[in-house]
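Open the model in your viewer and keep the sequence panel beside it. This tour goes stop by stop, from the whole chain down to single residues.

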Amino acid sequence: MTVSTISRLILWASLGAAALLGNALMAQEVPGYPAPAILDLEWSPNGAHLARVFADGRVQILDARLEQIVRSFPPPPIPTLLNAQIDWSSDGTQLAWGVGNTVTLWNLEDEQVERTFLTGEPNGIIISEFGLFPEGVVSLEWSSDDAMLMVLSESARLSVFSLPSGINLFDGLVGNQPISSVWLPDDSGIRNGQRIFDIQTLDFRF
């Protein structure tokens, strides 16, 4: 048996093992909370509405005065989630929610979805040494002037969108583990644990 033949056999064996491993991973059950679990809820600034997002990706908007659901968005075809976030703009006219690897902007005044953004893992599943996990949104927050939207995914990918243009100002991994993030009061940066992501330089400082 020649060296080249042995090399081909090793390559075929490696590819076969990789395929079997991939199939085994995809056959694993992706963990998530029970579908009825509420992962996040947020009052509108004027207290008139309450928005909530469920583990199955459903989003509901309730009228506080009428005490009833006035708008409901069905769950997308994704596994149940571990993390999802929802946040009103400061003037209460827009609602943003992050479900799986998709962020949706909805306008309260005309009751229309204005746009959607993709963030995090493209296939919506995180593959790690600990198994498979559903992509999700750990942090989602408008800047104080509603000009930017910050999204931190379960896969530790930070995305910053400029609004209303929808331009992606930054999109990249910021570590191995997601750390809950918030805007600084002056919107100059995003606090991520002990670090601050500077919006001007698009880099971290301590």
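Helices (H or I, at least four residues) and strands (E, at least two) are DSSP runs, numbered from the N terminus. The model is predicted: local features need pLDDT of at least 70 and side-chain atom pairs count only at pLDDT 80 or more, while totals for chains, interfaces and linings use all residues. Residues are numbered from 1 along each chain as its sequence is written, and side-chain values use heavy atoms, with hydrogens and water left out.

The accessible surface of the protein chain is about 11,200 Å², by the Shrake-Rupley method with a 1.4 Å probe, and for residues only the protein chains shown count as cover. Carbon and sulfur atoms hold 56% of that surface. Of the 206 residues, 43% count as buried. Buried means under 20% relative accessible area, exposed over 50%, and partly exposed in between (1.4 Å probe, protein chains only).

**Stop 1: strand S7**

Select residues 102–107. This is strand S7, and five of its six residues are buried. Strands pair here if DSSP finds at least two bridges between them. Pick valine 99; threonine 102 in S7 stands opposite. S6 and S7 form a hairpin with two residues between them. In that turn, glycine 100 has a positive phi of about 65°.

Go back to threonine 102: the bridge partner in S8 is leucine 118. The S7–S8 hairpin has four residues between its strands, and glutamate 111 in the turn has a positive phi of about 50°.

**Stop 2: two loops with positive phi**

Select glutamate 67, in the loop between strand S3 (59–63) and strand S4 (68–73). Its phi is near 55°, positive in a residue other than glycine. Is glutamate 67 buried or exposed? Glutamate 67 is exposed, at 71% relative accessible area.

Jump to aspartate 146, between strand S11 (137–142) and strand S12 (148–153). Phi is near 65° for aspartate 146, also a positive value in a residue other than glycine. Aspartate 146 counts as buried, at 14% relative accessibility.

**Stop 3: a cis peptide bond**

Finish at proline 164, in the loop between strand S13 (157–162) and strand S14 (168–173). Show the backbone from leucine 163 to proline 164: the peptide bond is cis, with omega near 5°.
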